[in-house]
Amino acid sequence: MNHRPGTIVPVTGIYWCSVCKTPQRFTEQQEFPPCPNLCGRGLWELVEEQSERD
């Protein structure tokens, strides 16, 4: 599932931009930011789910 910038992160893990594939780690309940590479149509896609302890 893909998530738009500005929505709330559903699960802690590594996500990447659907356009440029730049990976970033986000924590549950954080807000997805825009892609750091300014990919205007990029969505965040979960690559690897992580627990809070990882």
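Strands here are DSSP runs of E with at least two residues, helices are runs of H or I with at least four, and both are numbered from the N terminus. With that in hand, L38 sits in the loop between β3 and β4.

Before I go on, the ground rules. This is a predicted model, so to speak: local features need pLDDT of at least 70, side-chain atom pairs count only at pLDDT 80 or more, and totals for chains, interfaces and linings use all residues. Residues are numbered from 1 along each chain as its sequence is written, and side-chain values use heavy atoms, with hydrogens and water left out.

Back to L38. Its phi is near 60 degrees, a positive value in a residue other than glycine. Is L38 buried or exposed? Let me give the cut-offs: buried is under 20% relative accessible area, exposed is over 50%, and partly exposed is in between, with a 1.4 Å probe and protein chains only. L38 counts as exposed because its relative accessibility is 74%.

Q29 is in the loop between β3 and β4 (44-49). Phi of Q29 is also positive, near 80 degrees, and Q29 is not glycine. At 59% relative accessibility, Q29 counts as exposed.

Now the sheet. Two strands pair if DSSP finds at least two bridges between them. What is the strand order? It is β1-β4-β2-β3, an open sheet of 4 strands with antiparallel pairing. β1 (2-3) and β3 stand at the edges with a single partner strand each, so one side of each has no neighbour in the sheet.

β1 and β4 pair in the antiparallel sense over 2 bridges. N2 stands opposite E45 in β4.

G13 has F26 in β3 as its bridge partner.

Next, the turn of that hairpin. There are 5 residues between β2 and β3, and K21 takes a positive phi there, near 65 degrees. K21 belongs to the loop between β2 (13-17) and β3 (23-26). K21 counts as partly exposed because its relative accessibility is 38%. What does the side chain of K21 have beside it? A polar atom of that side chain lies 3.4 Å from the backbone oxygen of S18. For polar contacts, the rule is a pair of N or O atoms within 3.5 Å; within protein, one must be able to donate a hydrogen and the other to accept it, and residues adjacent in sequence count only if both atoms are side-chain atoms.

How far is K21 from H3? Their C-alpha atoms are separated by 14 Å, and the two residues are 18 apart along the chain.

H3 lies in strand β1. H3 is buried, with a relative accessible area of 13%. Contact means heavy atoms within 4.5 Å. Leaving aside neighbours within four places in sequence, H3 is in contact with P10, Y15, F32, L43 and W44.

Some of those names come back in the aromatic rings. A ring pair is described by the distance of the centres and the angle of the planes. Rings of Phe, Tyr and Trp (its six-membered ring) pair if their centres lie within 6.5 Å; planes under 30 degrees apart are stacked, over 60 edge-to-face, and the rest tilted. How many aromatic pairs does a search of the whole structure find? It finds 5.

One of them is Y15 with F32: edge-to-face, 5.0 Å centre to centre, 75 degrees between the planes. Y15 is in strand β2 and F32 in the loop between β3 and β4, so this pair ties together parts that are 17 residues apart in sequence. Y15 is buried at 0% relative accessibility, and F32 is buried at 1%.

F32 also pairs with W44, and that pair is stacked: 6.5 Å centre to centre, 15 degrees between the planes. W44 is in strand β4 and F32 in the loop, so the pair ties together parts that are 12 residues apart in sequence. W44 counts as buried at 1% relative accessibility. Ring pairs link Y15, F26, F32 and W44 into a cluster.

Last stop, Q50. Q50 is in the segment after β4. Q50 counts as buried, at 16% relative accessibility. Which side chain does the side chain of Q50 make a polar contact with? That of R25, at 2.7 Å. Beyond neighbours within four places in sequence, Q50 is in contact with T12, G13, I14 and R25.
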